[in-house]
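Welcome! Please take a moment to look over the sequence and the 3D view below, and then we can walk through them together.

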Amino acid sequence: MKLAIGCDNNGYVLKETLKRELLDAGHEVIDVGAHVLEAHTIDEAPVKVAQMVAAGEAERGILIDATGAASAIIANKVRGIRAAQVGDYYSARMTKAHNDANILCLGAGVVGSTVACACVKVWLETEVMGGNHPRRIEMIHQLEEKYAK
Amino acid sequence: MDVIKAGAPRLAKEDVKIGTPVVLASDNAGWELKHYVIQYLEACGIEYIDCNPDEGMAKDYPDWSAKAAGHIMDGSAKSGILICGTGIGIGVAAMKCPGVYCARCDDPMQARYARKVLDANVISFGQRVTGFGVALEMVYEFLRTAADENCAEAKIIREVEKKFLKEV
């Protein structure tokens, strides 16, 4: 799968670990930065990754900051993005199954590297569920129609 | 149930640093946990608006996100707490609305960070993920933590939003 990954300075170390895991698993990874452990504003990576996923330049995105919240708030303002902030395996699985989340946000201050890798893995492997869930995703699209530029 | 007796931290009204009333919404998967939050807010004397008091089985979370976001957008509520199965769907849908900055939380640190650094006005969490004890600790941190003055991160979030959403 073609994945875009990005972080701020708080997420740099975890981003490097996840990138290595994804490359080892055979994924194509576009790293939008930060590339070094230096000050990096919270919006740079979320805006880049969200725009790439929305434009189809990457199939899915992964964002890492201190808690995942800043990345999720910013990415979710972009039309077509459903960015899920997760800290556990169950939520990572369900947000693909129910919400068809196309960006996963992780907090380097919340999850350790093994839990983070497990979340990413299950989110990549899970299939979207049918039933009531596609209708709810369509309702999110309607909110985007109303408010997105 | 007496939530204070069950371990929830006491919060005096004068220590509440977030704007009120707090708007509450959940789908059916967050219904029971929302009631623990209501009991906590009542025990602390905090004003709230419950978007769906009579519709416990209402299943489509984006409807409740939109209702809660409506209260934030028109100013009738100053903050919000959203609950579904994981806290993700209801939060993602709410964030599509201008002026809603929702942090999903699993633990009190995230709730404190969301207020202090991001000046988030809404938190979400999931009844299938978080038990009531941890949930009420998160509500406590959300209510009592003030945003840092002139916080760069909070400003960035609000500036970026203008690029992607219409002004209402």
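Where is B:Pro21 found in chain B? B:Pro21 lies in the segment before strand 1 (22-26) of chain B. Keep in mind that this is a predicted model.

A:Ala34 sits in the loop between strand 2 and helix 2 (44-54) of chain A. For background, most residues other than glycine have a negative phi, and most peptide bonds are trans. A:Asp100 is not a glycine, yet it has a positive phi of about 50°. You will find A:Asp100 in the loop between helix 4 (89-97) and strand 5 (103-107) of chain A.

**Where the chains meet**

Next, have a look at the interface. The size of an interface is often given as the accessible area lost when the parts come together. Here, the area buried between chain B and chain A is about 3,700 Å², and carbon and sulfur atoms give 65% of this. On the chain B side, B:Lys96, B:Phe164 and B:Lys166 lose the most area to chain A, together 20% of what that side buries. The contact draws 41 residues from chain B and 44 residues from chain A.

Polar contacts, too, link the chains: 19 residue pairs across the interface of chain B and chain A, both residues at pLDDT 80 or more. Several elements of chain B supply at least two residues each to the side that touches chain A, among them helix 3 (89-95), strand 4 (102-104) and helix 6 (152-164). Helix 6 of chain B gives the most to that side, with 8 residues. By class, the side of chain B that touches chain A has 24 nonpolar, 4 polar and 13 charged residues.

**A pair of helices**

Two packed helices are described by the angle between their axes and the distance between the axes. The axes of helix 6 (residues 133-147) of chain A and helix 2 of chain B come within 8 Å and cross at roughly 30°. Angles under 35 degrees count as roughly parallel, so helix 6 of chain A and helix 2 of chain B are roughly parallel to each other. Residues making this contact include A:Met139, A:Leu143 and A:Tyr147 of helix 6 of chain A, and B:Tyr61, B:Ala66 and B:Met73 of helix 2 of chain B. The residues of this contact divide into 8 nonpolar, no polar and 2 charged.

**Salt bridges**

Side chains of opposite charge can pair when their charged atoms come close. The count comes to 21 salt bridges over all chains, and 5 salt bridges are found across the interface of chain B and chain A. Here are two examples.

| Salt bridge | Closest N and O atoms |
|---|---|
| B:Asp60 and A:Arg135 | 2.8 Å |
| A:Lys15 and A:Asp31 | 2.7 Å |

The pair of A:Lys15 and A:Asp31 links distant parts of the chain, 16 residues apart. A:Lys15 is in helix 1 (residues 12-24) of chain A, and A:Asp31 is in strand 2 (residues 28-31) of chain A.

Definitions and conventions
Residues are numbered from 1 along each chain as its sequence is written. Chains are lettered from A and ligands numbered from 1 in the order in which they are written. This is a predicted model: local features need pLDDT of at least 70, side-chain atom pairs count only at pLDDT 80 or more; totals for chains, interfaces and linings use all residues. Side-chain values use heavy atoms; hydrogens and water are left out. Contact means heavy atoms within 4.5 Å. Buried area is the accessible area (1.4 Å probe) that two parts lose on being put together, summed over both. A salt bridge is a side-chain nitrogen of Lys or Arg within 4 Å of a carboxyl oxygen of Asp or Glu. A polar contact is a pair of N or O atoms within 3.5 Å; within protein, one must be able to donate a hydrogen and the other to accept it, and residues adjacent in sequence count only if both atoms are side-chain atoms. Helices (H or I, at least four residues) and strands (E, at least two) are DSSP runs, numbered from the N terminus. Ala, Val, Leu, Ile, Met, Phe, Trp, Tyr, Cys and Pro count as nonpolar, Asp, Glu, Lys and Arg as charged, and the others, Gly among them, as polar. Axes are lines fitted to C-alpha atoms, for helices over the stretch in contact, and angles run from 0 to 180 degrees between N-to-C directions. Angles under 35 degrees count as roughly parallel, over 145 as roughly antiparallel, 65 to 115 as roughly perpendicular and the rest as oblique.
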